[in-house]
Structure formats: C-alpha cells, structure tokens
Amino acid sequence: MFSHEEIVIRAGQRTGLPIIIAIHSTAPGRSGGGCRVNHYADWRDGLSDALRLSQAMTYKCAIAGLDTGGGKTVVALPIGHVFTPDSRRDLLHDVGDVIDSLQGRYVTGPDVGTGPADMAVIKERTPHVVCTPVEMGGCGDSSPATAAGVMSALHAVCARLGDGGLKGRRVGLLGLGHVGSHLARHLAEEGAWILAADVDPGKRALAEDVGASWTGPDELLGAELDILVPAALGGLLTEELVPRLRCAAIAGPANNQIATPEVAQMLHDRGVLWAPDDIVSAGGAIYAHAVELRRQTPEQADALVAGIGDRLGRVLDRAGRDGVSPYFTAQELVRERLRDR
C-alpha cells in the first residue's frame, strides 16, 4: 500500500536537474529530513532513495519522541556530473524554490552531499531550513551530535555484551565520512581497538592518525569483531551477508541498514545483537529539533542526545523479554506512537 502523503518531482528551473521531495507523514507535525545530493545511474533510483529515507525519518522521529514527521530531498545527479561554484549555487536555489512551494509542510537540513554552508544558500530562497552555520543563528554541522548519539548507543550495547565499556573491544568502523570520522576519534579516546574501512582509500590517513588498523570494506565485514559500526550508506545487511558476519553486535549511524525483515530475524537467530538504526542515528535530528525548532540551549540539546543510550536500552530490554529481534520491537513502538498522535 502506498504510504507517502506527497511526492514532488521537478526539474530545477535554473539547472534542469531532477529534484525529488518525498513527504512521508505530517501526522506528528510538519515533515523534516535532509537534502541529499548524490549521483545515480537513473533518476528513479533517487526517487527510491527519497521514498525509503523519508519513511525512515518518520520512524526515527517517532521513536525519538519528536513532534516531526518524515521527509527527504534527493537531487539525482547523472553519473559524472561535476558542479562549478555557480552551477552548484543555482542548484541549491532550485532546491530552495521547490521546498518553499510546499508552504512549510517540509523543512530540510544537511545530508549526503550537503552541509551547513549549502543550507545557508538554500535559505536565500526559503526559511524552511535547519542546520545553517552557527553565525547565522543555526546549529551548524549536525554530525558531532549524531556521533555523540552513536557513542551513547554503543555504551548501551556494551552493557548487554558483558561488563565494561568500549576499552579493549574490537570495533569495526565502516565509513569515515562526517560522522564516521568523529566516531573514529571518540572510539580511540575510549580505548577501543579499531578496524576501519572506507571505499575512499584517502581516508586511510585519518584512520591511522587515531591508531586504527586499515582494511577493505569487504574484509572488515568478515572480520572477528565485538561490534560492527556501519557508518556509510544503507542497505548493508542482506541475507547474503549475514552468514559471513563474525561480530557479536551491530550498532551504527547508517540509515536503513536492514534490507528486509527476514534479515533481522536471521541476525536474531544467529545471536547477533542489532541496535535499530532509527534510534542509534537520531542524535543530529534530536539536536537540530531542540536548538532550532524548540529554541532550547545547546546544553539541553546535548542532554537529549545523551539519552539515546537509555532509549536504546529500553528497546533492547523489551525485545529480550519478548524473545524477538529489536527490529520488530522498534517497529511496534513506532506504530504505538503514531497511533497516539
């Protein structure tokens, strides 16, 4: 059954590039979700991303207790497309115009391919933007808050793996982008043994700078680990991959990690503890919502982000009592919250 409230697909007035905005739900409040600018073999692959990610945002906001529904912007760039400074500015103005036409039903922020500076340019065309630079009154880069939330979640996972925290644990970090680079530093500070991988070999220097060992993404997925931390793009956990895994737990900020519900059951049957990514990755959304939409202080927002570990712990405990995968527990909690709206 079709579940989205509204989908807008427009060619940018200035650039002609396909701009897709998917609004999954405004039942809890206006929808929100990042602006992704990425290359796709076919623009319809970008549409699929927008549909999937906007639904995930509804779930993420619901389970985090935010009065926001899910949405997403995807700009589907042709393979090989390269911007000039002027053409990128034109694209961001195109995005701002489409967002503004929705009259406040959707607010955007940074995602893959965009950052606070881009939000500042979009804001020249619409007020419905968060995570603009701090000097403009926004909360700036949300990746430190996302990473802080992941660390809180990792402590909750460690508590269920046995005594002790992250010190000495074997952690596989897949992806050293904005969030993953923060995680690498935090994990090193807490004494974890880190095995890092990224599709970009240029990230190796960052890994070695924090004392991490380096390997390829495929090798990392088959490595013997305490915790696998997916911090790249989604769809990682498939029926084909699960038998190869040699980790006790999986917890990371990548969205939509579970390819199908059957994968969640496979992980459960193998005794691999999976922390729902809707909870683990919510730090940036929680922080931006608190600071920019509710006008709370950064300290108050930090406290809310730190609560991710407790929230995850409650979900893991309920799943354990029910004898099911945390995936199904999280889904049920989302349904309960949305029914209460």
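Tutor: Let's go with strand E4, residues 69-78: nine of its 10 residues are buried, so the rest of the structure largely encloses it. Buried here means under 20% relative accessible area with a 1.4 Å probe, counting protein chains only, and strands are DSSP runs of E with at least two residues, numbered from the N terminus. Keep in mind that this is a predicted model, where local features need pLDDT of at least 70, side-chain atom pairs count only at pLDDT 80 or more, and totals for chains, interfaces and linings use all residues. Residues are numbered from 1 along each chain as its sequence is written, and side-chain values use heavy atoms, with hydrogens and water left out.

Now for the partners of E4. Strand E2 (residues 18-23) pairs with E4 in the antiparallel sense, over five bridges; to count as a pair, two strands need at least two bridges found by DSSP. Strand E3 (residues 31-40) runs parallel to E4, and eight bridges join them.

Zooming out, the protein has 13 helices and 11 strands, helices being DSSP runs of H or I with at least four residues. Buried residues make up 54% of its 341 residues. Among contacts (heavy atoms within 4.5 Å) between residues at least 6 apart in sequence, 63% join residues at least 24 apart. The C-alpha trace spans about 55 × 45 × 40 Å along its principal axes.

How values were computed. Buried means under 20% relative accessible area, exposed over 50%, partly exposed in between (1.4 Å probe, protein chains only).
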